[in-house]
Amino acid sequence: ADVLLAAGEATANSTEHSVVDAAHEVAITVNAALSGNRLVLTVSDNGRWRPAAESPVHRGHGMRLINALVDSIELTATPKGTTVAMLKEVP
C-alpha cells in the first residue's frame, strides 16, 4: 500500500506540475523494477519543473508524504524533464 500511494502521489505531482508553461505535449512514464528485495519505482516526465510554493496553506506535502512511504527518494529536475526515483525494501 505504501508503494502504491507513493507512486500515485509522484504521478499526481507530475501530472499537475509538469505541464505549467510547457510549450509541447507532456508525457509521463511510470516504471517499476524488482531486484531481490529492492523495488525501484520511477516517475518521469518531459515537462517543466515547478518548485513548491514558499508558504503553502493546504498544499505542498507531496514530497514529504513520499519520503515517509519509501526508504529513499531521488528527485532529478532538468530543463528536459523531471524524474522521481523511489526505493522500497520489500520482504
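Predicted model: local features only at pLDDT ≥ 70, side-chain atom pairs only at ≥ 80, totals over all residues.
Residues are numbered from 1 along each chain as its sequence is written, and side-chain values use heavy atoms, with hydrogens and water left out.

### Exercise 1

Describe the order of helices and strands in the protein chain, and find how strand 4 is paired.

**Solution.** Begin with the inventory, which is two helices and four strands (DSSP runs numbered from the N terminus, with H or I over at least four residues for helices and E over at least two for strands). Along the sequence these elements follow the pattern α-β-β-α-β-β.

Next, take the partners of strand 4, using the criterion that two strands pair if DSSP finds at least two bridges between them. Strand 2 (residues 38-45) pairs with strand 4 in the antiparallel sense over eight bridges, and within this pairing Thr-83 of strand 4 is the bridge partner of Ser-44. Strand 3 (residues 72-78) also runs antiparallel to strand 4, to which seven bridges join it; here Ile-73 stands opposite Met-86.

### Exercise 2

Is Lys-88 buried or exposed, and which residues does Lys-88 touch?

**Solution.** First locate the residue: Lys-88 belongs to strand 4 (residues 81-89). Its relative accessible area is 17%, so Lys-88 counts as buried (under 20% is buried, over 50% exposed and anything in between partly exposed, with a 1.4 Å probe and protein chains only).

Then list the contacts (heavy atoms within 4.5 Å): leaving aside residues up to four places away in sequence, Lys-88 touches Asp-2, Val-3, Asn-37, Arg-38, Leu-39, Leu-69, Val-70 and Asp-71. For Leu-69, a polar atom of the Lys-88 side chain lies 3.1 Å from the backbone oxygen.

### Exercise 3

How many salt bridges does a search of the whole structure find, and which parts of the chain do they link?

**Solution.** The search finds two salt bridges (a side-chain nitrogen of Lys or Arg within 4 Å of a carboxyl oxygen of Asp or Glu). One of them joins the side chains of Lys-88 and Asp-2 at 3.7 Å, N to O. Because Lys-88 lies in strand 4 and Asp-2 in helix 1 (residues 2-17), the pair ties together parts that are 86 residues apart in sequence. Asp-2 is partly exposed, with a relative accessible area of 36%.

In another salt bridge, the closest N and O atoms of Glu-89 and Arg-38 are 3.0 Å apart. This pair links Glu-89 in strand 4 with Arg-38 in strand 2, 51 residues apart. Glu-89 is partly exposed at 32% relative accessibility, and Arg-38 is partly exposed at 41%.

### Exercise 4

Where does Trp-49 lie, and which residues form a nonpolar surface patch with Trp-49?

**Solution.** Trp-49 is found in the loop between strand 2 and helix 2 (62-69), and its relative accessibility of 39% makes Trp-49 partly exposed. Together, Trp-49, Met-63 and Leu-75 form the patch, with about 240 Å² of accessible area (patch residues have over 30% relative accessible area and no salt bridge; like charges are joined within 9 Å, and nonpolar side chains, namely Val, Leu, Ile, Met, Phe, Trp and Tyr, within 5 Å).

Conventions
Polar contact = N/O pair within 3.5 Å; in protein donor to acceptor, adjacent residues only side chain to side chain. Areas by Shrake-Rupley, 256 points an atom, 1.4 Å probe, with all protein chains shown as cover.
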